[in-house]
Amino acid sequence: NIAIGVSVISPEMKILSLNPMMKNWFPEIEVSTQPVCYKAFNNPPGKGPCSYCPTIKTLKDGKVHESVTATPSGGEIRNYRVISSPLFDKNGRVIAAVELVDDITERKKTEELTIRQNALLNNILESMTHPFYVIDANDYTIKLSNRAAHLETNDSNMTCYELTHHRNIPCDDAEHPCTIK
């Protein structure tokens, strides 16, 4: 009972076998009728092989190929990571491809949301006219700064006390009190 889908696809792109996970994802597919994969796995059905299809490459060259899909599924797009491997007969001819399929839709959505949120945060920070820093309170390193800070260094270990007070130890006296302690 694995959380990865497995399918076997013929050189004619017919579905020969599906494991329980694939049957769960695509319950309407009747394997005994050997439907064509690009029609059966897409809703609405595809008119031809998918442009990103790693299985076509595997069936042609006998090598392992990988792709991330954008599969229509009713009113939404599902993303699957598909790894296709050849299945050879005793003479070394490719007779089918085995697809390992992982549904990565939620991970892709989370990644896209993170990218959008990071872009928004960067836009907000860059719109500030005053210097702005994000400082790690554990070691005082500057983790993020805006352009107004004029932090023109590639030193990822630059500390706030080095930058603002030209010191090599954290601020801790009356003249230079630490504001993040």
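Analyst: Ala, Val, Leu, Ile, Met, Phe, Trp, Tyr, Cys and Pro count as nonpolar, Asp, Glu, Lys and Arg as charged, and the others, Gly among them, as polar. By these classes, the lining of the second largest pocket holds nine nonpolar, four polar and three charged residues. The model is predicted: local features need pLDDT of at least 70, side-chain atom pairs count only at pLDDT 80 or more, and totals for chains, interfaces and linings use all residues. Residues are numbered from 1 along each chain as its sequence is written, and side-chain values use heavy atoms, without hydrogens and water.

User: Which residues lie nearest the centre of the second largest pocket?

Analyst: They are F26, E28, A40, F41 and N43, out of 16 lining residues. The pocket has about 170 Å³ of space. Both α2 and β4 (71-73) give two or more residues to its lining, and β4 has the largest share, with three.

User: What makes a space a cavity and not a pocket?

Analyst: On a 1 Å grid over the protein atoms alone, a 1.4 Å probe fits in a cavity but cannot get out, while a pocket is an open set with protein on both sides within 12 Å along at least five of seven lines; lining residues have an atom within 4 Å of a point. The search of the whole structure finds one cavity of 30 Å³ or more. The largest cavity has a volume of about 230 Å³, the space filled by probe spheres set on the points. Of its 18 lining residues, F41, Y52, T69, V82 and E99 are closest to the centre. Two or more lining residues come from each of α2 (37-40), β6 (80-88) and β7 (94-103). The lining has 14 nonpolar, three polar and one charged residues.

User: How do you know that C37 is in no disulfide?

Analyst: A disulfide is a pair of cysteine sulfur atoms within 2.5 Å. The cysteine sulfur nearest to that of C37 belongs to C53 and is 5.8 Å away, so C37 is in no disulfide. For C160, the nearest is that of C178, at 6.1 Å, so C160 is in none either. The structure holds zero disulfides.

User: Which residues are closest to the centre of the largest pocket?

Analyst: The largest pocket has a volume of about 200 Å³. C160, T164, H165, C171 and T179 are the closest to its centre, among 15 lining residues. α5 gives the most to this lining, with five residues.

How values were computed:
Helix = DSSP H or I, 4+ residues; strand = E, 2+ residues; numbered from the N terminus.
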